[in-house]
Amino acid sequence: MPLNTDDAFKIVTRSHHLLQDGFPVEDVLAELIGRTTRLCGASGGLIRVLDGDDGELRFVAADGLTTDYIDKGSVSAEFGRSEIWESSPVWIHDPANDPRIQYPHQLHDEKIRTILSYPFIVTGR
């Protein structure tokens, strides 16, 4: 089923309005990942934010993933740092064999077969 861009726009617009209305960022991101996961027909989704102090990606919200996977350990942004700053989608077709993946065994256990990452930069929050 093709992605409905109108629905995607509605999800982003709703998230924007919730943030403007002062809802907690973590709550808005939890709703965003849940709605986006369902819209894409994915079995799971996750949002991490780059912590500028230590260069790690900090967990914020997830949908459809186990606690074991979410809590697997710290995730360094070092491998994908250039991709993060480009703010363009990154599709990892074979994460089990991709050198950017830090926890390939956990991907296998979680049955993750592909990863779509969309880095974006938010300022002022």
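Let me begin with the conventions. The model is predicted: local features need pLDDT of at least 70, side-chain atom pairs count only at pLDDT 80 or more, and totals for chains, interfaces and linings use all residues. Residues are numbered from 1 along each chain as its sequence is written, and side-chain values use heavy atoms, with hydrogens and water left out.

First, confidence. The average pLDDT of the chain (the predictor's confidence in each residue, from 0 to 100) is 83, and 86% of the residues score at least 70. Helices and strands here are DSSP runs, H or I of at least four residues and E of at least two, numbered from the N terminus. Among these elements, helix α3, residues 67–70, has the highest mean pLDDT at 92, whereas helix α4, residues 81–86, has the lowest at 60. Where pLDDT is low, the predicted coordinates should not be read in detail.

I turn now to the interior. A nonpolar core is a set of buried Ala, Val, Leu, Ile, Met, Phe, Trp, Tyr and Cys residues joined through side-chain atoms within 4.5 Å; buried means under 20% relative accessible area, exposed over 50% and partly exposed in between, with a 1.4 Å probe and protein chains only. The largest such core has eight residues: Ile11, Leu29, Leu32, Ile33, Leu39, Ile47, Val60 and Ala61. A second, separate core has seven residues, including Ile70, Val90, Ile101 and Leu107.

Which residues of α2 are buried? They are Val28, Leu29, Leu32, Ile33, Gly34, Thr37 and Leu39. These buried residues pack against α1 (5–20), β1 (45–51) and β2. Beyond its neighbours within four places in sequence, Ile33 is in contact (heavy atoms within 4.5 Å) with Gly45, Leu46, Ile47, Ala61, Ala62 and Asp63.

Finally, two individual residues. His17 lies in helix α1 and counts as partly exposed because its relative accessibility is 44%. Elsewhere, the charged end of Lys72 sits over the ring of Tyr69, 3.9 Å from its centre; the criterion is NZ of Lys or CZ of Arg within 6 Å of the ring centre and within 35 degrees of the ring normal.
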